[in-house]
Amino acid sequence: MEILRIEDLSFTYPETQDKALDGISFTVDKGQFIVICGSSGCGKTTLLRLIKKELAPHGEMSGKIYIDNRPQEELDDRTLAADIGFVMQNPENQIVTDKVWHELAFGLENLGEQTSVIRRRVGEMASYFGIQDWFRKATDQLSGGQKQLLNLASVMVMQPRLLILDEPTGQLDPIAAADFIATLQKLNRELGVTIIIAEHRLEEVFPIADKVIVMDKAVISACAEPREIAGILEDISHGHPMLAGLPSAVRIFAMTGGKGKCPLTVREGRDHIESNFKPVSESKEEEISQTVGKTVGAELKNVWFRYGRDEPDILRGLSLKAYKGELLCILGGNGTGKTTALNVISGLKKAYRGKILIGGRKISDYKGNSLYRGMLALLPQDPQTVFVRDSVRADMEELLADAAKGERERLVAQTAKKLGISHLLDKHPYDLSGGEQQKCALAKILLSQPQILLIDEPTKGLDAASKAELRELLRNMKQEGRTIIMVTHDVEFAAECADRCGLFFDGEIISEDSAKKFFALNNFYTTAANRIARGVYPDAVTCADVAEYCKKSKGENV
Amino acid sequence: MFKKLIAAALAALFAAQVAISAYAYDGDIMTIADGIVAWKTADNGSEDMLINDSFLEQAGSTAGDWYPIGLSRLGYEDNYGGYLAVVTDCVEERYAQPGKLSAAKATEWHRISLSVLAAGGDPTCLGEDENGEPIDLIRDGVYDRGKTAPLGRQGINGWIWGLIALDSLRYEVPEDAFYQRDDIITEILSRQLADGGFALTGDTADPDMTAMAVQALAPYYNSEKVYGYSLSQSGEEKRCTVRECVDKAVECLSQLQLGTGDLMSWGTENSESVCQVIVALCCLGIDPFSDERFIKNGNTLMDGLMKYHMEDGGFVHSFVYDPQNPQAQPDVSNTMSGEQALYALAAVYRQKNSMRTLYDFRPEQSEELKSHIKTLSENIEDLSENAGEKEIISLLEDYFSIEPDERSYVYNYAKLYDLAKDKGIDTDGAEKSTEIIFAQDNTPSAQSEEFTEEDKAKADSLPQQLTGEYYVSVTSLLDKLENSPDFEGKEKYLEKLKKAREEISRIRAEVESINNEITDKLYPFEDMGLSDRKTVENIVKRCEKLSDYDRGQIKRYEDVIKTQTKLDNRLRGIIIGCCLGAAAAALAVATIFRIRKRRARAENEMEQLAAMYKDEE
Amino acid sequence: MKKDILAIFAIVLIIAVIINGTEIQSVEEYYLTHIDDITPESETVTISIRCDAVLDNYDDLDENLRSEEFVPPDGEILPPTEYVLRDGDSVFDILDRAVRHDRIQMEYQGADKNKFGSVYIQGINYLYEFSCGPLSGWLYKVNGQFPNYGCSEYEPKDGDVIEWVYTCDLGKDAGCGWLQGRQGE
Amino acid sequence: MKAFDEIDPVAAAVYFVSVMLVGMFISAPMIQLFSLLGAAAFCLIGGRGEIKSDLGFYIPMFIMIALINPLFSHNGVTPLFFLNGNPVTLEAVIYGIVLAVMMTGILLWCRNFTKVMTSDKLLYIMGRAVPALSLTVSMALRFVPMFKRQMKKVSAAQKGMGLYSSKSYTDRIRGALRVFAAMVSWSLENAMETSCAMKARGYGLKGRTNFAIFRFTLRDCIFTVTTLLLLAAVIGGYALGYIDFYYYPRISAADINAGSAAVYVSFAVMAFLPFMIEVKEALKWKYFVSKI
C-alpha cells in the first residue's frame with residue numbers, strides 16, 4: 001500500500017537557473033524505511049520539504065505529490081500537519097517551548113485536542129520514549145541527544161503516519177546518533193510508521209533501510225535496496241563520490257569487487273572478508289617511531305583543571321605532546337572533557353595545576369593577545385560561531401585589521417584560493433552549507449598564521465565528500481609544518497588523517513599511539529573497517545587498508 | 001550709652017528764665033512734685049520709695065543724682081542712706097581709675113557733691129581713695145581741680161557748677177589753693193556776652209547757661225566788690241560788681257522768654273530751660289511767678305513749665321522730636337525733664353517757705369534770723385525815694401548787723417545801697433564788710449547712726465551665695481556700721497560685711513567683664529561661626545556660675561544662649577554629617593568590595609588553587 | 001545582588017540627607033532658637049489662623065481629625081496677633097514666625113519643590129490639604145483680599161491684617177473667586 | 001513547601017493576591033503584624049538556610065524604610081527632635097515602622113509567591129487568560145538561555161582567534177557590538193527554523209487549545225473557598241470600620257472588641273493558612289511513617 005507517490009517532481013528556486021529538483025519520481029509504501037543520501041546540495045532537503053507542505057520552499061514547482069493516493073493540495077491542513085511528521089537537523093532550533101511537557105503537548109494543542117486527550121497521549125509518548133525522568137525539566141537543560149529525542153517524541157505524539165527526518169543525527173555524537181537511529185527503527189518496526197530519512201552517516205541506517213535513494217545533483221541516481229546500491233553506483237561511475245559515504249562493509253565489498261550479496265553490517269562484512277580472503281603472511285614493514293627528531297609544538301605536563309573550586313576535576317593530570325607537522329587526534333566519549341582540554345590548551349581556560357608549553361614557552365608567559373598572534377588558534381565545534389560579519393570576506397578581513405589594505409586583500413585571496421572558497425567570499429556565512437562553513441572558518445583562522453591549530457569536532461554534519469576535502473586541507477597544513485590537535489568522535493575520520501591518536505578518558509589520555517597502532521590495538525573503540533577485518537588483517541584500519549590487504553592476499557593467492 | 005546720657009543731660013542743662021503766676025501755694029507745687037515723684041517711682045519699678053535698687057544702679061550719673069537733690073530739697077522722705085552708700089562706693093571705685101570721676105568734666109564732682117550734700121553726706125570726706133586718704137570732692141573738683149585739669153575745660157559750666165558746689169556749704173578755700181573764689185567769679189564774669197547772657201559756645205545767650213550763671217553768682221549779688229576783667233568775647237576791659245552783671249543777665253532772660261511763658265534753647269522749646277530760669281530767679285529772691293519781667297501775654301514761667309506736664313505726672317522734654325536726642329520722645333515723660341522740674345519746684349517751694357535757696361545746703365536759718373531779715377527786707381521795701389538819711393543809715397547798720405554769710409538773703413539790699421549812694425552816705429564799710437562773706441566752715445559733723453537690731457538682722461540674713469542684688473543693702477549696711485558707735489560684735493559684722501562687699505564687687509566686675517566681652521566678641525550674633533564656639537561656651541559657663549539676678553544683668557543673655565545652642569547644633573550637625581558621610585563611604589567601599597569579590601570569586605578561588613600547585617614541577 | 005542594590009539605595013539616601021543638612025535639634029533647642037522677640041518699636045502686621053469652614057463641613061473631615069484638639073470649636077487656631085514686620089518679610093515669613101512662636105504645627109513645601117515657585121502651605125495644626133474634602137486647603141487674605149501670589153512672594157505692609165483661612169471648597173466658602181479658575185493646576 | 005506546591009496555581013494565585021491585597025491596603029498594625037509573621041512562617045517552612053542569608057537583606061531594608069518615613073513626613077503631635085527645622089515626630093516614626101513591616105511583609109509574600117508560582121504555573125494562569133501570550137512567554141523563556149549560551153560560544157570563539165580580547169576598551173566594545181550583531185543574525189536564523197518547526201507541528205491551525213499539567217481538585221476548591229470567605233470577613237470588617245486605625249496626627253488607641261477581634265482572627269488564619277497546610281501534611285507524613 002503506497003502512502004506517498006511522487007511523480008516527475010521538478011523545482012527551481014527563485015532567481016536561479018539550475019533546477020534544484022529535476023524529474024523526481026518514486027513511491028513509498030506504508031511501513032517502509034527509506035534512506036535518502038547524496039552529497040550536500042544535491043536537493044535532499046528540498047525534496048523532503050516539498051513533501052511536508054507547511055515547509056515547502058518558495059519557487060517554481062512542477063509534478064505531483066500524492067499522499068494516500070490523493071494529491072497533496074487536496075488534503076486539509078489539519079490532516080497534513082498530523083499525518084506527516086518532520087524532524088530537522090538542528091536539535092536546538094526545533095524546540096519551541098521552555099518545558100519538556102509543554103513541548104510534547106505543543107503539537108496537540110495546535111490540533112485543538114482536549115486536555116484529557118493531550119494528557120493521555122503525552123503520557124503515552126513520554127513513557128514510550130523514556131522521557132518520564134525529565135518530563136518536567138526545562139528544555140534548555142537537556143543534552144543534544146535528549147533534545148533530538150524530544151523533537152522526535154513531540155512529533156510522534158501527533159501520531160503521524162509518515163515521518164520525515166532531515167539529517168537528524170548530524171549534530172549528535174555517535175552514541176546519541178546510534179540511540180536515535182535505534183529509536184527510529186523501533187518506531188518503524190513496532191508502530192509501523194513510514195520513515196523517510198536523509199542521512200550522511202549511513203553506517204547505522206543502511207542495514208535497516210528498506211530502500212535507499214541516492215540523489216545526485218537534482219536527480220535520483222539510484223533507488224534500490226541497500227544491498228544493491230553499491231553495485232548500482234559502481235556501475236554509474238567508478239569511484240562515485242557517494243561510495244565514500246557508504247558503510248565500511250559496503251565500501252570494502254565494493255572496493256574488493258565483491259560479488260553476490262552485499263554485506264551491510266560489520267558482522268556481514270567480517271563474514272565476507274573471512275570467507276573470501278586469507279591473511280597476508282608478511283605484515284607491513286615496522287614503522288619507525290614517528291616522533292623521533294621532531295620538534296614539539298605544544299606540550300602539556302600533568303595538567304589539572306576544574307571549572308570552580310568546588311567542582312569536580314575535568315582534567316586530571318593530562319599530559320600530551322604534539323609535534324610540528326603532525327596531526328594529533330584526541331578521541332573519546334561524549335562529555336569526557338575533550339573540548340575542555342582544547343580550551344585549556346588554547347588559553348581560554350586556565351589550568352590550576354601543571355604546565356602548558358606552547359612553542360616551548362609557558363602559556364602564562366604569553367601576555368595579552370600574543371598567544372593568538374601567529375602561534376595558536378582554536379576552531380570551535382560550531383563553525384557558525386566564528387563568523388560575526390555579513391560576508392565571509394568581511395569576516396576574514398576582521399582578523400587582518402592591522403594589515404594594510406592591499407596586503408589584506410592579497411592574503412584573503414591567497415588563503416581563499418588555497419582552501420578553495422574563493423567563490424564563497426561574498427556570501428553570508430549563514431547561507432553556506434555545513435562543509436562550506438567549516439572551510440571558511442578554517443580559512444579565517446589560518447589568516448592569523450597559527451603554528452598550532454586546535455580543531456574541535458570538525459566533521460559534525462559533514463558528508464563524505466566534504467570530509468575528504470577537509471582531510472586534504474589538514475594534510476596540506478601538516479605539510480606546512482603546523483601542529484594540529486584535533487578532537488573528534490569520528491573514528492573513521494581520525495583513522496584516515498591522524499598521525500597519532502590518543503584516547504581521552506577520565507581527564508587524561510590513557511592510550512596514545514600512532515594512528516594505525518592505536519586502532520589496531522583497540523578492540524572496541526576503533527573503525528568499522530578494522531572491526532570488519534581485524535580477524536584477518538589486524539593492521540588494517542581504514543577501508544582502503546582493508547582493500548589493499550585484500551588485493552595483496554588475492555595477489556598472493558593467485 | 002553712658003556718653004549719650006551725659007550729652008543729653010548737658011543739652012538740657014543749658015537753659016533758664018523766669019515769670020510770675022498764681023502758683024503761689026505750696027499745695028499746688030507739692031501736688032505737681034508728688035506727681036513727678038509718683039511717675040518716677042513707677043518708672044523705676046518701685047512700689048514705695050523712689051530710690052530703689054534699680055534706681056541706685058544709676059547713682060553717680062546725671063540720671064541718678066538729681067532726683068535725690070530734688071527730693072531732699074523738697075523734704076521728701078526717701079532712701080538717702082542707700083543712695084549715699086552706693087554713691088560713695090561708686091566714687092571710690094571711680095577714684096581708682098586714672099581720670100578719677102572724669103578726665104574732662106569737673107561737673108561730675110560738682111553734681112555728686114550736691115547730691116551727697118542733699119543725701120546728708122559730706123563731700124569733703126566721702127569714703128577713701130586707694131591710699132586710704134579721705135576723698136574731698138570740693139578740693140579735687142573745685143579749688144584744686146586746676147592741678148589736674150582746668151575747671152573750665154568742658155566750658156563755662158565747669159566754672160559755674162564749681163562755684164555752686166563751692167558755695168553749697170560756703171566752703172573755705174585754702175590760701176594755697178589753685179583757684180581762689182574770686183578767680184572763679186572772674187572767670188564766669190569774663191564770659192558774659194554782649195546781650196548780658198551766657199552760652200557754652202557762640203555769641204547768643206542760651207537761657208539754660210545764663211540761668212545757671214545767675215544761680216552761681218546769686219550769693220554775691222549783695223557784694224560791692226568790683227571785679228576787673230577783660231571780656232573773653234570782645235577782649236574789652238571791664239570793671240563791674242557782680243550785681244551789675246547779674247542784673248544784665250536777668251534782663252537778658254526776660255528778653256528770651258517766649259509768649260507761651262517758656263523758653264527756647266538750641267532752637268527747641270523745652271521744659272528744662274524754664275526750670276533753670278525758675279531756679280535762677282529763686283536764688284535772687286525774685287518771685288518767678290509774679291515778677292512782671294517774666295509775664296508774657298499773661299503767661300508766667302509756671303504756665304510755660306506746665307505746658308510740658310504729662311498725664312502720668314511726669315514732664316516731657318519737648319513736643320518737637322529732635323533726631324539728635326532720640327531718647328527724648330515728644331510724647332513720653334522724660335527722666336531729665338522730671339528731675340529738673342522737681343528741683344525747680346523745690347526752689348520755688350523753698351522760696352515760699354523762706355528756706356535757704358536750692359543750692360545753699362547750710363542748716364536753715366534760725367527763726368530769729370529769719371524774722372530779722374524779713375523785717376529788714378520789709379523796711380527796705382517800704383523805703384521811699386525821699387527817705388531820711390538817718391533812716392537809711394539805721395537800716396544799713398541793721399543790715400551790717402547780720403552775719404556776713406547770711407546777708408545775701410536780704411534780696412533788696414541793692415535798693416538800700418543805691419539810696420545810700422544817692423544820699424551820699426558813706427558805704428565803704430559796706431564794701432569792706434562784704435569782701436569776705438564766707439568766714440566759717442560749715443562742714444557738718446559726721447552723723448553717727450545706731451546700727452539697729454533690724455540692721456543686724458538684715459546683715460545676718462544675707463545669704464551664703466551673694467549676688468549683685470545685695471550690692472545696695474550691703475553697701476548701705478556697711479556704711480551705717482562704719483559710722484555707728486561701737487557695740488559688741490561690731491568687728492564681726494564689719495568683717496562679714498566687708499567680705500560680702502568684696503564678693504559683690506567681684507561679681508559686679510565679672511558681670512561687667514562679661515558684658516564687655518559680649519560687646520567685643522559676640523556682636524552681631526548672627527555672624528557667629530563655629531570658631532566662636534569656644535568663646536560663647538566660655539561666656540555661658542561664666543554666666544552659669546552667676547546667680548539668676550546677676551545673669552539678668554548680662555546684656556542679651558538670651559541671645560548668647562541662643563547663639564550657643566545654634567553653634568552646638570551646627571557642630572552636632574557637622575559631626576553627624578561626617579559620621580553619615582563616613583558610614584556612606586564605608587558602605588560604598590563595602591559594597592564595591594563585595595561586588596568585586598563576588599565577581600572575582602570564582603577566579604580568585606581558582607587562583608588560590610593554582611597557587612597551591614605553583615611550585616610543583 | 002539585592003543587598004548591593006539596597007546598599008546603593010542607602011548610600012544615595014545618606015548622601016541626600018547630608019546634602020539636605022544634618023542639623024538636629026531637640027524640641028527645646030528648636031523653640032529656643034526660634035523664639036522671636038516682639039518689640040513694640042517697629043512696624044507690625046496682624047495675623048490670624050482660622051478654620052471655620054471645617055466646622056461647616058465636619059462630615060467631610062477625616063475621621064482622625066475629628067477632635068477639638070485639631071479643630072477648635074470656635075474655629076480659631078491663632079487669634080489675631082500682632083507680629084513685627086521686618087524688612088523683606090513675606091506672608092510666609094510672618095506665618096512661620098507666628099506658628100513657631102505659638103508652637104502651632106505647620107508643614108510646607110519649599111519654593112523649589114512645587115510648580116508654583118513659591119512656598120506652599122500643606123497643613124497647619126494637623127489640618128492638611130484634602131483633609132476635609134477634595135477641594136480643601138489653606139488660603140490667606142491680606143486686608144480681606146485674596147492676593148493672587150504665593151505666600152512667600154507677597155510682602156505685606158505695616159499694619160496689614162493677614163488671615164489664614166481653611167477652605168473646603170476651593171476658596172468659595174471663604175469668598176475667594178479666582179482660585180476656581182486655577183482648578184486643576 | 002511541598003504541600004502548598006501541589007495546590008492549583010489558580011487557587012494559589014487567589015490566595016496570594018488576597019493576602020497581599022489586605023497587607024497592602026489595610027494599615028492596622030495587627031493586620032500588618034500577622035501579614036509579616038504569616039509570610040515569615042511560610043518562608044521558614046520553605047528553607048531555613050535561605051532565610052538566614054536573606055535576613056541580611058530584610059533587616060537593613062526594614063530599618064531603612066522605617067527611617068525614611070519620618071524624614072519626609074512631618075505630621076504628628078509628638079515631635080521627638082527637629083531636623084533642619086522640620087519636626088521628626090513619634091507618629092511618623094511609628095508609621096515608618098508599620099510601613100517597614102508592611103513592605104517587608106509584602107516582599108516576603110512576593111518571595112513566597114515566586115517560589116510557589118514557578119514560571120509554568122504563571123504561564124498556566126496566563127494561558128487561561130491570554131493563550132497567545134502564554135505561548136509567547138514560554139518561547140521567550142526558552143529563547144533567552146539559548147541566546148545567552150550562543151553568545152558565550154561566539155565570544156569564546158572570537159577569543160580563541162585572538163579577536164576583540166586586547167586590553168583596549170575600544171577593541172572590546174567593538175567586539176561586543178560585532179558579537180551582538182552576529183547574535184541578531186543568529187536569532188533571526190534560529191527563529192526561522194523554529195517557526196518552521198512550529199508550522200510543521202500544525203501551529204497556525206484554528207482552534208488551538210491550551211494544555212496544562214495542573215488539575216483543580218476538590219482540595220483546591222476547599223482552599224479557595226476558605227481563602228475567599230476569610231477575605232470577605234476581613235474586607236467586610238474593614239468596611240464596617242471595626243479595625244479603623246489612624247497614625248496621624250495622633251495615633252488612635254487600639255480598640256479591641258468582638259468585631260475587630262473577629263477580623264484579626266480571620267486575617268491571622270488567612271496569613272497562616274499555608275503554614276498550617278504544611279504542618280498538617282508534615283504531621284500526616286510522620287504518622288504515616290510511624291505506621292510503617
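**Exercise 1. How many helices and strands does chain C have?**

Solution. The model is predicted.
- Step 1: Count the elements. Chain C has four helices and eight strands.
- Step 2: Read them from the N terminus. The order is α-β-α-β-α-β-α-β-β-β-β-β.
- Step 3: Check burial. Chain C has 185 residues, and 34% of them count as buried.
- Step 4: Look at the contacts in chain C with a separation of 6 or more. Residues 24 or more positions apart account for 69% of these.

**Exercise 2. Work out the order of the strands in the open sheet that involves chains C and D.**

Solution. 
- Step 1: List the strands. Three of them form the sheet, in the order E1(C)-E1(D)-E2(D).
- Step 2: Find the edges. Strand E1 (24-26) of chain C and strand E2 (86-89) of chain D each pair on one side only.
- Step 3: From one strand to the next, the twist averages 35°. The pairing is antiparallel.
- Step 4: Zoom in on chain D. Strand E1 (residues 79-83) of chain D pairs with E2(D) over four bridges. Here Leu83(D) stands opposite Asn86(D).

**Exercise 3. Which helices of chains C and D pack on this sheet?**

Solution. 
- Step 1: Start with chain C. Helix H2 (residues 27-34) of chain C touches E1 of chain C together with E1 of chain D. The direction of this helix makes about 95° with that of E1(C).
- Step 2: Move to chain D. Helix H4 (residues 90-116) of chain D touches E1 and E2 of chain D. Its direction makes about 55° with that of E2(D).

**Exercise 4. Describe the contact between chains A and D from the side of chain A.**

Solution. 
- Step 1: Count residues. Chain A gives 55 residues and chain D gives 45.
- Step 2: Name elements on the chain A side. Among those giving two or more residues are helix H2 (77-83), helix H5 (115-129) and strand E16 (376-379) of chain A.
- Step 3: Find the largest share. H4(A) supplies it, with nine residues.
- Step 4: Sort by type. The chain A side holds 26 nonpolar, 16 polar and 13 charged residues.

**Exercise 5. Which residues touch the most other members of the largest nonpolar core?**

Solution. 
- Step 1: Recall the background. In soluble globular proteins, nonpolar side chains tend to be buried together.
- Step 2: Pick out the residues. This core has 200 residues, and Val35(A), Ala153(A), Leu454(A), Ala494(A) and Val546(A) touch the most other members.
- Step 3: Find the main contributor. H4(A) gives the largest share, seven residues.
- Step 4: Follow one residue. Beyond its neighbours within four places in sequence, Val35(A) contacts residues including Ile197(A), Leu202(A) and Phe206(A).
- Step 5: Look elsewhere. A second, separate core of 138 residues includes Trp66(B) and Met306(B).

Technical notes. Residues are numbered from 1 along each chain as its sequence is written. Chains are lettered from A and ligands numbered from 1 in the order in which they are written. This is a predicted model: local features need pLDDT of at least 70, side-chain atom pairs count only at pLDDT 80 or more; totals for chains, interfaces and linings use all residues. A residue is buried if 20 or more other C-beta atoms lie within 10 Å of its own, exposed if 12 or fewer, and partly exposed in between; C-beta atoms are placed from the backbone. Two residues are in contact if their C-beta atoms, placed from the backbone, lie within 7 Å. Two strands pair if DSSP finds at least two bridges between them. Axes are lines fitted to C-alpha atoms, for helices over the stretch in contact, and angles run from 0 to 180 degrees between N-to-C directions. Ala, Val, Leu, Ile, Met, Phe, Trp, Tyr, Cys and Pro count as nonpolar, Asp, Glu, Lys and Arg as charged, and the others, Gly among them, as polar. A nonpolar core is a set of buried Ala, Val, Leu, Ile, Met, Phe, Trp, Tyr and Cys residues joined through C-beta atoms within 7 Å.
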